[in-house]
Amino acid sequence: MTKEYIPHQTDVLIIGAGGAGMRAAIAAFDSGSSVTVLSKSLLGKAHTVMAEGGIAAALKNVDSGDSWESHFSDTMEEGVYISNYRMAEILAKEAPDRVRELEEYGALFDRTPEGTIMQRAFGAHSYRRLCHVGDRTGLEIIRTLEDQLLHRDITFFDEFYVTKLLKEGERVVGVVGLKLNTGEFHTFTAKAVIIATGGCGRIYKVTSNSWESTGDGLGLAYDVGAELMDMEMIQFHPTGMVFPPGVKGLLVTEGVRGEGGILLNAMGERFMQRYSPKKMELDARDVVARANYAEIMAGRGTPHGGVYLDITHKGADFIKRKLPSMYKQYMDFAGVDITKEKMEVAPTVHYQMGGIRVDPETTATNVPGLFAAGEVASGLHGANRLGGNSLADILVFGKRSGEGASSYAKKVDFGRIDESEIMNEMARVKSFIGNGGRNPYDLATELEETMSTYAGILRDENGLRNALTKIMDLRESAKEARVQGGLKYNKGLLQCLELPFMTTAAEAIVRGAIERKESRGAHARTDYPKKDPSMRKNIIFKMEKDGMRLYWKDVPEMPEELRKLVKKEEY
Amino acid sequence: MDKVKVSVFRRDPSLEEDGRFVDYEVPVEEGMVVLDAMKYIERHIDPTLSIRWNCMAGKCGSCSAEINYRPSLMCKTRIDSLKGKGIRVAPMGAYPLIKDLVTDVSENWELLKKIPKFSPKEGLERPWKISQVDIERSKEFKKCIECFLCQDVCHVVKEHRSGYFGPRHVVKAASLDMHPLDALDRSKFMNENAGMGYCNITKCCTEVCPEEIRITDNAIIPEKERAVNLSYDPLAMFISSRRGKGGRK
């Protein structure tokens with residue numbers, strides 16, 4: 001009889017091999033734990049490679065007035081006062097060390113004339129703060145961490161999809177999943193599990209997110225009782241490509257505006273003068289995204305339904321040196337030479353600020369043995385994320401997560417996985433293979449359209465209620481999804497397995513958006529256009545017997561020495 | 001709507017001895033790329049087609065294939081660029097087939113493990129000072145997205161069991177060797193242990209690189225030259241041993 005699954009054992013198990021997962025793996029290994037990394041994509045392909053602009057860290061190389069205090073207050077203010085202050089404080093204080101450490105791992109940042117790490121301006125940062133490698137900072141992070149990971153005794157399985165977390169009592173003790181490129185089931189017994197699976201942008205039709213961002217980690221954690229938070233907060237990046245259709249939503253880095261690019265409507269008007277006369281194109285992402293959206297909706301859009309982004313005035317040499325990927329991206333995909341022609345751009349779903357609720361010090365969740373870091377975790381970004389803070393996040397909290405999980409793993413023994421649970425899970429996975437049933441791609445498309453139509457950049461009660469009804473229907477339909485073929489490299493089967501996680505993410509976003517009857521940060525309600533002081537709180541999402549329940553929770557109050565750094569909130 | 005015929009290689013090696021090309025008719029949209037056509041087939045015609053893709057934007061290097069015999073990224077090959085030629089999509093021939101267009105590229109991780117990692121010189125004053133001009137050479141190689149198309153086109157990698165790691169791996173070694181603060185020299189290792197000597201600089205790798213890295217001229221030839229100089233030039237060896245990253249760069 002052939003073995004039905006292949007068992008493994010490891011101290012710390014990490015799900016996800018983007019920046020947060022790899023940084024966590026290095027930290028856990030360096031803390032003395034055995035480490036295994038599982039990733040849905042091939043090693044080195046994670047969504048982090050698409051990050052462009054840079055890492056926010058108050059190194060003061062360009063602007064000597066910068067400080068961690070300033071980075072802290074920018075982060076709190078941009079998060080519209082619902083961020084976890086301790087996470088923002090940790091980020092602001094530790095990001096410079098993580099950047100220098102990355103340099104010592106081999107990353108080569110652009111330089112100042114004095115030879116230190118160059119820093120560029122970015123939306124809503126008070127100082128020039130973003131350490132960058134042209135406009136391919138994410139790729140540099142991934143390659144650098146990959147080099148470090150491959151030279152440590154860290155086990156990794158790529159093209160591996162975790163379908164379920166396994167518990168013994170209250171504690172997470174392992175996982176079961178499918179090795180996509182062989183069709184084999186594997187189980188992993190682990191003392192601690194870190195979720196670093198990134199975001200859920202793929203539940204929207206137009207997104208800058210790559211293939212893997214389907215909210216898997218959110219769903220995995222939620223299913224074992226982990227609390228989610230701030231899920232209604234979805235960031236729309238102001239500038240995504242609108243043409244050709246195959247790359248609709250693909251990111252156009254904020255670096256274009258950071259380096260002097262301006263936004264124009266079809267009449268040639270620099271419309272940001274009307275929306276934000278002081279900060280103009282470099283105001284916060286939600287402000288610029290809504291301005292672009294409003295111009296398009298008012299009929300002042302471009303032929304392909306965007307606005308213009310123009311950097312031609314900076315000259316070909318400058319553009320090719322500072323924004324090489326953007327130059328290539330437009331040339332290759334749209335046939336547009338951005339040194340001579342304007343780009344067409346429109347808002348695109350970019351980032352989930354919410355996610356799994358974690359402890360700022362160790363990234364532990366409320367479920368023993370379970371940790372989370374990176375985009376899948378919540379708290380740092382509040383109602384809106386500053387550009388450059390996600391790359392700082394994955395390094396700072398990736399490291400803390402690896403250390404937190406490792407120190408937890410040293411205090412516990414391996415748990416016991418219930419054999420019948422594994423059998424049931426394997427049977428569930430196999431049950432999607434068969435004739436008839438619903439086409440999983442059609443269900444995913446329906447979900448994406450529902451989210452883009454009703455839970456987009458502007459929201460209202462009626463639309464959100466519609467969306468919720470549809471999502472709950474899709475959740476049921478997803479059980480009837482069927483695909484042909486086998487277990488090996490079957491993307492249709494994978495889509496069947498992703499659908500429940502995608503609907504969990506969608507349900508939380510929509511329920512949170514209904515609950516938050518105000519407009520704050522990235523969450524804009526046309527029926528409640530104002531910010532409401534009574535809602536300066538976080539919404540927590542938890543699975544209970546009768547389904548998803550929401551609770552309001554007070555934002556942790558800052559100690560006096562931090563409070564005085566932050567501008568008082570205005571209503 | 002216009003339609004285009006696409007011939008796609010199909011085979012599950014665990015079930016079939018031989019593969020075959022299957023023709024599909026796909027509707028054409030403006031600006032469409034080959035990957036869009038593959039996704040159309042997967043969604044609307046035959047969901048059992050296995051393809052690997054991730055970012056759809058030429059940034060991750062997942063969707064490598066041989067399009068009309070040329071190693072290419074499916075996400076960056078526009079259908080209209082192939083007009084009148086017919087479209088034939090096959091998996092990379094240099095790697096073991098997993099299924100249909102998906103190949104097993106995992107041997108590359110084993111090769112990358114063998115190339116010594118970045119090793120900074122000792123006693124550097126913090127924070128490190130590096131001038132912009134000194135990073136440009138290494139930066140070119142760091143554009144590599146590990147699509148392995150250069151490996152696929154390389155006849156030494158593909159046809160001869162020479163032990164040559166392949167162009168990607170010379171690029172990796174060069175990116176570290178040309179890091180201004182790296183203390184090692186990997187050229188000797190690449191020559192003696194990574195089969196670099198078998199490369200006969202036909203520049204095929206450079207031609208297919210989607211990141212336009214000048215692999216042969218800027219990575220392979222300088223690495224070869226350094227290996228030779230290190231082996232036969234006692235003065236070079238002396239300087240190199242004294243200065244780490246001496247003037248031979």
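## The sheet in chain A

Strand E17 (residues 537–544) of chain A is joined to E18(A) by eight bridges, and the two run antiparallel. Helices (H or I, at least four residues) and strands (E, at least two) are DSSP runs numbered from the N terminus. One bridge pair here is Ile539(A) with Trp552(A), the latter in E18(A).

This is a predicted model, where local features need pLDDT of at least 70, side-chain atom pairs count only at pLDDT 80 or more, and totals for chains, interfaces and linings use all residues. Residues are numbered from 1 along each chain as its sequence is written, with chains lettered from A and ligands numbered from 1 in the order in which they are written.

Zooming out, the order E15-E10-E17-E18 (chain A) makes an open sheet of four strands with antiparallel pairing; strands pair if DSSP finds at least two bridges between them. At the edges sit strand E15 (355–356) and strand E18 (547–554) of chain A, each pairing on one side only.

## Two domains

Chain A is assigned domain 1 (238–347) and domain 2 (431–536), with bounds from an automatic or database domain assignment. Their centres, taken over C-alpha atoms, are 29 Å apart.

Five residues of domain 1 of chain A are in contact with four of domain 2 of chain A (C-beta atoms, placed from the backbone, within 7 Å). On the domain 1 side, helix H8 (residues 285–297) of chain A gives the largest share, four residues.

## Where chain A meets chain B

Here 44 residues of chain A are in contact with 45 residues of chain B. H4(A) gives the most to the chain A side, with five residues.

Conventions
Two residues are in contact if their C-beta atoms, placed from the backbone, lie within 7 Å.
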